[in-house]
Amino acid sequence: MAMAALRREGRRIAAPLINPHPINPLRSSLASSDREHTLLGVRSISTQVVRNRMKSVRNIQKITKAMKMVAASKLRAIQTKAENSRGLWQPFTALLGDTPSVDVKKNVIVTISSDKGLCGGINSTSVKISRGLHKLNAGPEKECKYVILGEKAKAQLVRDSKKDIELAFTELQKNPLNYTQVAVLADDILKNVEYDALRIVFNKFQSVVAFVPTTSTVLSPEVVEREAEAGGKLGELDSYEIEGGETKSEVLQNLTEFQFSCVMFNAMLENACSEQGARMSAMDSSSRNAGDMLDRLTLTYNRTRQASITTELIEIISGASALEG
Amino acid sequence: MLRQGPRFLLSRASAASMGWRRQFATDLPAETAGDSKFVEAWKKVIPNIDPPKTPSAYMAPRPPNPSTIPSKLTVNLVLPYSSILSGKEVDMVIVPATTGHMGVLPGHVATIAELKPGILSVHEGNDVSKYFLSGGFAFVHANSVADIIAIEATPVDQIDPNLVQKGLAEFQQKLNSASTDVEKAEAQIGVDVHSALNAALTG
């Protein structure tokens with residue numbers, strides 16, 4: 001009966017193999033098997049239990065190692081694209097300057113995040129920065145809305161800022177990112193959202209272990225004109241001659257829309273790289289933890305095995321000496 | 001005293017070189033006025049989290065406006081997929097603006113030009129390289145730096161004339177048979193691009 005109970009325990013342990021918290025069911029089963037044994041008067045954990053746990057931890061280690069390899073190969077593919085696209089936003093910043101502290105009535109925060117999890121803390125960082133920007137730009141006459149790309153940020157922001165979310169896009173990485181897709185997306189956002197300033201929040205890919213949260217600001221054409229008249233960074237804009245288009249405002253509108261799509265393209269690529277890099281390091285630390293856990297379990301297993309052998313020997317010897325004596 | 005001399009000089013030299021090395025380590029350009037305003041405002045409202053970086057922290061600062069006209073024009077041609085030319089010093093570029101082909105020489109007045117599909121030619125000494133651009137923007141700054149941002153740019157010798165003719169005929173047919181405004185606009189764009197390609201190959 002004890003063996004049947006243990007076998008049942010074994011099956012219960014094997015089932016939640018890809019459980020992120022394999023400890024809890026195990027702890028309860030270990031405790032219950034412990035209780036069973038203590039009821040019978042023997043204090044030891046069965047080797048079967050430890051062996052099952054070792055098997056599940058070993059499987060988890062294999063899976064996370066494989067996920068790390070997959071993330072590494074995806075990173076290699078997308079890293080060259082991201083690095084090539086880095087020249088795209090520089091001319092716009094050179095012309096229009098970088099104005100994160102601009103004071104406008106309608107702010108829209110575009111948060112870029114991933115759809116899949118297990119990628120470390122980058123999505124939480126983006127959401128924290130978005131919330132910070134929201135707080136920074138909140139005011140009596142100002143309003144601040146969110147446009148969310150990716151499931152993870154949506155899940156986090158829906159909890160407390162549901163009324164501020166204008167648009168949410170998911171499943172953007174089904175096909176490899178290309179400029180046409182991003183241009184359509186940018187067009188969608190620009191058409192449906194009223195904005196004076198768009199603040200794009202993403203994680204810039206510095207290296208495989210370093211991701212820097214960054215925010216780029218794209219202003220609407222009216223705000224650009226207003227800032228140009230006010231002077232400061234955009235003050236030199238008036239000195240530029242405009243070629244093409246009928247009026248300056250038309251050209252400025254095309255310019256800001258083009259700037260938004262270019263900056264979005266680079267931001268999405270950088271965020272995708274950061275996601276794969278973060279996943280690599282998360283899976284790597286997970287495999288290492290699983291390895292440590294496996295070492296500890298092996299020691300426990302050996303101790304348990306030796307203890308049961310010793311117990312058997314004691315029983316035999318005491319039985320033999322009782323017969324003799 | 002004399003023995004201590006070289007050690008002192010050595011320590012001075014090493015301190016100087018260490019200072020120099022430290023300057024390299026902080027290679028980022030200085031924060032501009034707008035950025036520091038943002039950083040301060042952020043720190044007041046959200047003191048626990050570091051403020052996010054902004055694009056100007058990742059860009060090398062542009063050269064200031066020179067007093068005399070420089071001899072060469074610095075050209076950057078960027079596409080979403082690659083930077084074809086970055087910081088190349090040339091004599092002249094001819095960009096296909098919507099108002100016609102515009103030549104840009106060093107010392108050109110600062111301009112923002114919208115581009116239509118057409119040929120960009122880059123003149124350096126006696127070499128001329130021609131690229132067919134799909135459209136975009138060109139900025140010419142007062143410091144003789146020209147930024148050309150396009151969606152696609154192919155060298156003219158990589159374009160197949162047969163496919164161009166076929167495409168032109170196809171889009172003209174679509175334009176004639178188009179019913180809705182959207183279809184008409186799409187067909188018109190196709191016709192424009194293909195005729196520009198045609199002109200590029202023949203002209």
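A polar contact is a pair of N or O atoms within 3.5 Å, where one atom must be able to donate a hydrogen and the other to accept it. Keep that in mind for the views below, which come from a predicted model.

**View 1. Chain B and chain A meet through eleven residue pairs in polar contact.** That count takes in pairs with both residues at pLDDT 80 or more. How many salt bridges does the rule find across this interface? The answer is zero. Chain A brings 43 residues to the contact, and chain B brings 42.

**View 2. Here's the side of chain B that touches chain A.** Which elements of chain B each supply at least two residues to it? Look for helix 2 (33-45), strand 5, strand 8 and strand 9 (145-150). Helix 2 of chain B gives the most, with seven residues. Sort this side of chain B by class and you get 24 nonpolar, eleven polar and seven charged residues.

**View 3. Three residues of chain B stand out in the buried area.** The size of an interface is often given as the accessible area lost when the parts come together. Chain B and chain A bury about 3,900 Å² between them, and 72% of that is on carbon and sulfur atoms. Find Y58(B), Y81(B) and I112(B): this trio supplies 17% of the area that chain B buries against chain A, more than any other three residues.

**View 4. The largest pocket is lined by residues from both chains.** Its volume is about 1,100 Å³. Of the 30 residues in the lining, the closest to the centre are Y179(A), F258(A), S134(B), G135(B) and I151(B). The largest share, seven residues, comes from helix 7 of chain A. By class, the lining of this pocket has 16 nonpolar, nine polar and five charged residues.

**View 5. The largest cavity has a volume of about 150 Å³.** Rolling a probe the size of a water molecule over the atoms shows where empty space is left. The structure holds five cavities of 30 Å³ or more. In the largest cavity, 16 residues form the lining, and W89(A), T93(A), S216(A), V263(A) and P55(B) are the closest to its centre. Helix 4, strand 4 (197-207), strand 5 (210-219) and helix 9 of chain A each supply at least two lining residues. Helix 9 gives the most, with four. The lining divides into seven nonpolar, seven polar and two charged residues.

**View 6. The second largest cavity holds about 90 Å³ of space.** Its lining includes I112(A), S113(A), S114(A) and D115(A), along with G150(A), L172(A) and M268(A). Helix 9 of chain A gives the most here too, with three residues. By class, you'll find five nonpolar, five polar and one charged.

**View 7. A salt bridge joins E270(A) and R86(A).** Their closest N and O atoms are 2.7 Å apart. Where do the partners sit? E270(A) is in helix 9 of chain A, while R86(A) is in the loop between helix 3 (47-84) and helix 4 (90-96) of chain A. The two residues are 184 residues apart, so this pair links distant parts of the chain. Over all chains, a search of the whole structure finds 16 salt bridges.

Terms used. Residues are numbered from 1 along each chain as its sequence is written. Chains are lettered from A and ligands numbered from 1 in the order in which they are written. This is a predicted model: local features need pLDDT of at least 70, side-chain atom pairs count only at pLDDT 80 or more; totals for chains, interfaces and linings use all residues. Side-chain values use heavy atoms; hydrogens and water are left out. On a 1 Å grid over the protein atoms alone, a cavity is a set of points where a 1.4 Å probe fits but cannot get out, and a pocket is an open set with protein on both sides within 12 Å along at least five of seven lines; lining residues have an atom within 4 Å of a point. Grid points are joined across faces, edges and corners, and a volume is the space filled by probe spheres set on the points. Ala, Val, Leu, Ile, Met, Phe, Trp, Tyr, Cys and Pro count as nonpolar, Asp, Glu, Lys and Arg as charged, and the others, Gly among them, as polar. Contact means heavy atoms within 4.5 Å. Buried area is the accessible area (1.4 Å probe) that two parts lose on being put together, summed over both. A salt bridge is a side-chain nitrogen of Lys or Arg within 4 Å of a carboxyl oxygen of Asp or Glu. A polar contact is a pair of N or O atoms within 3.5 Å; within protein, one must be able to donate a hydrogen and the other to accept it, and residues adjacent in sequence count only if both atoms are side-chain atoms.
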